Amino acid sequence: MKRVITADVQDHSGVLNRITGMLHKRQFNIDSISVGKSEREGISKMTFVVHVADGQKLEQLTKQLNKQIDVLKVKDITDKAMVARELALIKVGGSGQVRAEIQGVITPFRASLIDVSKDSLTVQVTGKPDKVEALIALLRPYGIKELARTGVTAFLRGQQPQDVTDLNTHLV
């Protein structure tokens, strides 16, 4: 099962390496990972999308993350109301009539052309991962020359009460 896990971590050199090394050693498959500065000075927010076999593996994952000295808080937000977005840059081959076709394909996705050259166009799309996937699938027939994705970044919507699903509360 695919899970979205967020972690607040100390903004220090080597934190990402230690965490991904731990996940690798325990054979967790990382689908995507994004990391960036948070609203608090010296704290970064990590968002992982990971595949776990069952609830026991999920519990193992969160316990292992919480054991990391630089990890301050871990949450599985998969089943909660969340805001999740991804950015993709897609370079597609095309000139002349194909350019107008591609513009017609990307418009409903609120994607934009951010670069145009003699033989290619670069499209930027942001949104939920399934929206990004759908646009990529529609652009494949035009010949994707290059593709770069940020991975999912997410957090909880609005004010939600803290409960037992806040994974930091059931770890001693």
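1. In this predicted model, a network of salt bridges links D8, E39, R40 and K45. The structure as a whole holds 13 salt bridges.

2. D8 belongs to strand β1 (residues 2-10) and K45 to strand β3 (residues 43-51), so their pairing ties together parts that lie 37 residues apart in sequence.

3. The accessibility of these two partners deserves a remark. D8 has a relative accessible area of 9% and is therefore buried, the limit for that class being under 20%. K45, at 25% relative accessibility, is partly exposed.

4. A salt bridge also joins the side chains of R149 and E86, again described by an N to O distance of 2.8 Å. Because R149 lies in strand β8 (residues 144-149) and E86 in strand β5 (residues 82-93), this pair ties together parts 63 residues apart in sequence. E86 is buried, at 7% relative accessibility, whereas R149 is partly exposed, with a relative accessible area of 32%.

5. R149 forms a salt bridge with E133 as well, and the closest N and O atoms of that pair are 2.6 Å apart. E133 is located in helix α4 (residues 129-139) and R149 in strand β8, so the contact ties together parts that are 16 residues apart in sequence. At 41% relative accessibility, E133 counts as partly exposed.

6. On the general principle, side chains of opposite charge can pair when their charged atoms come close.

Terms used
Residues numbered from 1 in each chain as written. Predicted model: local features only at pLDDT ≥ 70, side-chain atom pairs only at ≥ 80, totals over all residues. Heavy atoms only, no water. Salt bridge = Lys/Arg side-chain N within 4 Å of Asp/Glu carboxyl O. Helix = DSSP H or I, 4+ residues; strand = E, 2+ residues; numbered from the N terminus. Buried < 20%, exposed > 50% of the residue type's maximum accessible area, 1.4 Å probe, protein only.
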